[in-house]
Amino acid sequence: QDQLVKLDRSDGSVVAPVEVGATPRALLFDGSMIWSADQQGNRVTGVDPLTATVETTLRVPGGPYALAWVPCGPACGDLWIANEAADTVSRVRLP
């Protein structure tokens with residue numbers, strides 16, 4: 001499936017679908033955003049879980065398929081992205 005979905009806690013019904021690419025391979029929650037790695041689309045999407053909206057899309061060549069988050073200080077974090085096709089790891093510093 002190519003979507004994240006926000007569910008109603010009371011009955012499990014879908015409140016809002018969010019498109020995250022054709023081949024999502026990994027999800028990560030950093031404490032405020034949900035990140036999704038789209039391997040075929042070469043992008044990582046940041047979704048606000050409260051509003052179910054895409055807040056940012058990062059172009060990441062090389063087939064992103066795994067994600068990790070490491071805080072780097074107050075209001076700062078590094079998003080680490082493993083890229084299968086390129087056999088690389090990318091780091092994106094985010095506030």
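Mentor: The backbone nitrogen of S32 lies 2.8 Å from a polar atom of the side chain of D30. Bear in mind that this is a predicted model, in which local features need pLDDT of at least 70 and side-chain atom pairs count only at pLDDT 80 or more, while totals for chains, interfaces and linings use all residues. Residues are numbered from 1 along each chain as its sequence is written, and side-chain values use heavy atoms, with hydrogens and water left out.

Trainee: Where does D30 lie?
Mentor: D30 lies in the loop between strand 3 (24-29) and strand 4, strands being DSSP runs of E of at least two residues, numbered from the N terminus.

Trainee: Which side chain does the side chain of D30 make a polar contact with?
Mentor: That of W35, at 2.9 Å, where a polar contact is a pair of N or O atoms within 3.5 Å, one able to donate a hydrogen and the other to accept it, and residues adjacent in sequence count only if both atoms are side-chain atoms.

Trainee: Switching topic, what is phi of A75 near?
Mentor: Phi of A75 is near 60 degrees, a positive value in a residue other than glycine, and A75 sits in the loop between strand 7 (64-73) and strand 8 (76-83).

Trainee: Is A75 buried or exposed?
Mentor: A75 is exposed, because its relative accessible area is 67%, and exposed means over 50%, buried under 20% and partly exposed in between, with a 1.4 Å probe and protein chains only.

Notes
Helices (H or I, at least four residues) and strands (E, at least two) are DSSP runs, numbered from the N terminus.
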